[in-house]
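Please open the structure in a viewer and keep the sequence at hand.

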Amino acid sequence: MDETIDTLLQDDPDKWVADLPEFQRAAIQELRAGGASYDDVAQAWITASAENTYRFSASAPVGDKRAFLESLRTEVRGFLCGDKKYKQERESLFGEKGLARTYVVSTMAVAIAPHLSVASAVIAPLIALILASVGKIALNAWCNSQKP
């Protein structure tokens with residue numbers, strides 16, 4: 001059976017984290033084991049590391065870390081929910097057979113990173129956490145529930 005993004009989102013949310021590199025996965029799993037939600041872990045992740053992300057980008061430090069995470073969520077929403085600036089990447093990704101989580105996360109990170117002036121490797125774990133937080137909600141319902 002071919003997987004679609006809806007199929008992946010309706011699966012076990014922890015699988016998004018399981019496909020991250022070990023050094024990212026272990027830290028996230030430790031926070032989750034302590035009872036933190038995916039959103040809590042994403043906030044902790046960006047709070048712990050955001051001031052250093054500018055070294056990988058062409059702009060100054062991100063400043064307000066909460067604003068950065070919200071900007072990333074906005075871009076993820078745009079990617080998943082049909083923003084025209086991601087049309088080519090979205091069609092390429094969703095046209096593939098047998099989507100793999102690592103491929104989805106890396107494709108989204110590479111597409112979104114330039115819009116936030118940050119390296120894709122910096123935001124990949126955050127994208128995985130955002131996708132995990134979507135959980136078993138149908139993609140259309142999630143898109144409709146997010147701010148435009």
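This is a predicted model: local features need pLDDT of at least 70, side-chain atom pairs count only at pLDDT 80 or more; totals for chains, interfaces and linings use all residues.

**The nonpolar core**

Next, widen the view to the largest nonpolar core, which has 45 residues. Within this core, the residues that touch the most other members are Trp-16, Leu-72, Ile-112 and Ile-127. Colour the elements that give two or more residues to this core: helix 1 (5–10), helix 2 (14–18), helix 4 (38–49), helix 5, helix 7 (101–116), helix 8 (120–134) and helix 9 (139–145). Helix 8 supplies the largest share, 11 residues.

**Glu-75**

Now select helix 5, which spans residues 65–81, and find Glu-75 in it. Is Glu-75 buried or exposed? Its relative accessible area is 11%, so Glu-75 counts as buried, the cut-off being under 20%. Show the side chains of Glu-75 and Tyr-86: a polar contact of 2.3 Å joins them. Leaving aside residues up to four places away in sequence, Glu-75 touches Lys-85, Tyr-86, Ile-112, His-115 and Leu-116.

**The disulfide**

How many disulfides does the structure hold? The structure holds one, and this disulfide joins Cys-81 to Cys-143, with an S to S distance of 1.8 Å. The link is left-handed, with -90° about the S-S bond. Because Cys-81 lies in helix 5 and Cys-143 in helix 9, the pair ties together parts that are 62 residues apart in sequence. The two cysteines can also be viewed by accessibility. Cys-81 is partly exposed, at 28% relative accessibility, whereas Cys-143 is buried, at 8%.

**Gln-88**

For the last stop, select helix 6, residues 87–94, and locate Gln-88 there. Is Gln-88 buried or exposed? With a relative accessible area of 66%, Gln-88 is exposed. Gln-88 and Ala-111 are 23 residues apart along the chain, and their C-alpha atoms are separated by 9.7 Å.

How values were computed. Residues are numbered from 1 along each chain as its sequence is written. Side-chain values use heavy atoms; hydrogens and water are left out. Helices (H or I, at least four residues) and strands (E, at least two) are DSSP runs, numbered from the N terminus. Buried means under 20% relative accessible area, exposed over 50%, partly exposed in between (1.4 Å probe, protein chains only). A polar contact is a pair of N or O atoms within 3.5 Å; within protein, one must be able to donate a hydrogen and the other to accept it, and residues adjacent in sequence count only if both atoms are side-chain atoms. Contact means heavy atoms within 4.5 Å. A nonpolar core is a set of buried Ala, Val, Leu, Ile, Met, Phe, Trp, Tyr and Cys residues joined through side-chain atoms within 4.5 Å. A disulfide is a pair of cysteine sulfur atoms within 2.5 Å.
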